[in-house]
Amino acid sequence: MARVWVTVCLPGEVAGDIEGALGEALAPFYLDTTDNPVDRGMWDARHISGGSDGMGFAVAHGYMGDPRLIHDDPGYDGSPRPNVPGVCAGGPRALLDFSQPNLAHERAVAASWDLWHSLSALHPPAIPLAVFVDRWWNDPDAFPGDRWGDEMLSAYRAQPLIRAYLDHPFSLNMGYLGFVGPVGPQEHPVIGYDGTRAEYVRELTRSHPPDTDVLTLDGWWLEGGSNAVHACCDPGSCPHDPPKPTVWRGSEAYLADLPGDTILVRLRCHA
């Protein structure tokens, strides 16, 4: 079982009930039911996602505040997950900018920089993570009995600036606060960064756009452009030919050619 990203394509006429349309489109691929063929099961939990972390879509110029843009579902604890400025989890294709494959993530990385510096003006400076790790290793009285570093990491995270930053979705879950071993823990890359904002954005923006599965308007679930499963048929006896997008890497090129009123929704699924 793993996390799967899928972009669901919906006809423009469902704009008034996107959640209902998602449920209808995804139902044939639900994993935890006896109503669907086993080989068609693709998901058992789903969340609209991508607007708060750059995994979604860049918004085209002039549509930044358009009410038709789709926002992420709340977090698991019910906390809101606002869209990064200029990014969304979906909306009509004509409102989305496909001109630069990594633009959504670039804007999200910029937001992570801006958030850190805005919070740094509101909170006292934080003690670096390396100081806490050094105490944990070398001072037996600092965190007694803390074999795995849990208390040490909690103390680091409890600092007002660190807590405010890492608890915000725009921090993008970068860095690593986990088991103290050869590869960790690691400070968030924005903390202590000594370059410029432009250098940070250039360095941290990923080199390729998100490569998602796609659920097409006519009911095909395409996995990476290679495997295709039809919503209406048993996978072992489907007589229909699946669509064959000309370019798949990143799937963005395929989505960019859809009609302008097509509603795209990016989902993070468990499968």
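Which side chain does arginine 197 meet in a salt bridge? I looked up the pair. Arginine 197 meets aspartate 114, at 2.8 Å from N to O. The pair links distant parts of the chain. Arginine 197 sits in helix H6 (residues 197-204), and aspartate 114 sits in helix H2 (residues 103-120). They are 83 residues apart. I note here that the model is predicted.

**Entry: cover on this pair**

I checked how open each partner is. Arginine 197 has a relative accessible area of 37%. Aspartate 114 has 36% relative accessibility. Buried means under 20% and exposed means over 50%, so a value in between counts as partly exposed. Arginine 197 is therefore partly exposed, and aspartate 114 is partly exposed too.

**Entry: other salt bridges**

I searched the whole structure and found five salt bridges. I looked at two more of them.

Glutamate 252 and arginine 266 meet through their side chains at 2.9 Å, N to O.

Aspartate 66 pairs with arginine 68. Their closest N and O atoms are 2.9 Å apart. Here the two partners fall into separate classes. Aspartate 66 is buried at 15% relative accessible area, whereas arginine 68 is partly exposed at 45%.

**Entry: two backbone angles**

I turned to phi. Most residues other than glycine have a negative phi. Leucine 172 has a positive one, near 65 degrees. Asparagine 173 also has a positive phi, near 60 degrees.

Where is leucine 172 placed? I found leucine 172 in the loop between helix H5 (160-166) and strand S6 (176-181). Asparagine 173 lies in the loop between H5 and S6 too. Leucine 172 is buried, because its relative accessible area is 14%. Asparagine 173 counts as exposed, because its relative accessibility is 69%.

I looked for open space next. The largest pocket has a volume of about 480 Å³. Of its 25 lining residues, the closest to the centre are Ser49, Asp53, Arg81, Asn173 and Arg268. Strand S1 (3-10) and strand S2 (45-48) are the elements that give two or more residues to this lining. I sorted the lining by class and got 10 nonpolar, six polar and nine charged residues.

The second largest pocket holds about 300 Å³ of space. It has 18 lining residues, and the closest to its centre are Arg157, Leu166, Ser171, Asn173 and Met174. H4 and S6 each supply at least two residues of this lining. By class I got eight nonpolar, six polar and four charged.

**Entry: a surface patch**

Which residues make the nonpolar surface patch of about 330 Å²? I found Trp148, Tyr176 and Phe179. Tryptophan 148 is in the loop between helix H3 (129-138) and helix H4 (150-157). I checked its cover last. Tryptophan 148 is partly exposed, because its relative accessible area is 44%.

Key
Residues numbered from 1 in each chain as written. Predicted model: local features only at pLDDT ≥ 70, side-chain atom pairs only at ≥ 80, totals over all residues. Heavy atoms only, no water. Patch = residues over 30% accessible without salt bridge, like charges linked within 9 Å, V, L, I, M, F, W, Y side chains within 5 Å. Areas by Shrake-Rupley, 256 points an atom, 1.4 Å probe, with all protein chains shown as cover. Salt bridge = Lys/Arg side-chain N within 4 Å of Asp/Glu carboxyl O. Helix = DSSP H or I, 4+ residues; strand = E, 2+ residues; numbered from the N terminus. Buried < 20%, exposed > 50% of the residue type's maximum accessible area, 1.4 Å probe, protein only. 1 Å grid on protein atoms, 1.4 Å probe; cavity = no way out; pocket = protein on both sides within 12 Å on 5 of 7 lines; lining within 4 Å. Points joined across faces, edges and corners; volume = space filled by probe spheres on them. Nonpolar A, V, L, I, M, F, W, Y, C, P; charged D, E, K, R; others polar.
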